[in-house]
Amino acid sequence: MLIEGLLAICAIISVAYVAADKLPALLKAGGPVNAFSQGTATFMTALGLDFNLSKEFVALTISAFALTTLDTATRLGRFIFQELVTRPGKEQPIAAFLGNRYVATAITIALAWYMSIGSYLTIWPIFGTANQMLAALSLLAIAAWLRKENRKTFMVTIPMYFMFAVTFCSLGQLIYANLGKNWLIVGISAGLAVLSAALFIEAYRVFSNDKGQIPNNLQAQNQE
């Protein structure tokens, strides 16, 4: 998150180097990539680099970053979809068909294409909530490990439960604001709400069971 914030600041500074009267023309001519490339190139000329060379280099970097990001996102989406439809030791014809790497990849790309044919605002509002849920999940994993190691967990559990609360509030607002308007966001928000509830229940089980007991490995060490 910190690196993303730093990248956003660099992007704003780079575009700010472009004069306000030139920015609309740049956006119309080449879109955000052109505006960012020229802004960054203008910034790099202060370091003694050639403007045209810098602009081409930045544009190439953006294109490579976009391609690698799309490739990685597609692979991860395919892996997640395969895990959802398949179960080890319980192979069924439909699950085997959906879990095929080519079929799973095609479905992943089709879903991404469907979400991209409209405005980015169709799906963008859900990203903030998804990040919050990932933060809660990360804190839950760390807290569970600390619990297993018989260490204090309050410095992790307090922000974890806070992130769960923020996630539920954000999901509720998204569902209420998009009822009858954007059913895609409503459906995804409802799914994330179910996942958040499952994670919350799992967190409660982790921290309510075996309170005060020493893990088995520590017990064995004490007996020795």
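**Confidence, a salt bridge and a buried threonine**

In this predicted model, the chain has a mean pLDDT of 77, and 79% of its residues reach 70 or more.

Trainee: Over which residues is the pLDDT below 50, and how many contacts does this stretch have beyond near neighbours in sequence?

Mentor: The stretch in question covers residues 211-224, where the pLDDT is below 50. Where pLDDT is low, the predicted coordinates should not be read in detail. With that caution in mind, the number of contacts that this stretch has in the model, beyond near neighbours in sequence, is 10.

Trainee: Which side chains meet in a salt bridge, and in which helix do they lie?

Mentor: The count of salt bridges comes to one, and its partners are the side chains of Arg 75 and Asp 71, at 3.3 Å from N to O.

Trainee: Is Thr 108 buried or exposed, and which residues is Thr 108 in contact with, leaving aside its neighbours within four places in sequence?

Mentor: Thr 108 is found in helix H5, which spans residues 101-116. Its relative accessible area is 15%, so Thr 108 is buried, the limit being under 20%. Leaving aside neighbours within four places in sequence, Thr 108 is in contact with Thr 74, Gly 77, Arg 78 and Phe 81.

Technical notes: Residues numbered from 1 in each chain as written. Predicted model: local features only at pLDDT ≥ 70, side-chain atom pairs only at ≥ 80, totals over all residues. Heavy atoms only, no water. Salt bridge = Lys/Arg side-chain N within 4 Å of Asp/Glu carboxyl O. pLDDT = per-residue confidence, 0-100. Contact = heavy atoms within 4.5 Å. Helix = DSSP H or I, 4+ residues; strand = E, 2+ residues; numbered from the N terminus. Buried < 20%, exposed > 50% of the residue type's maximum accessible area, 1.4 Å probe, protein only.
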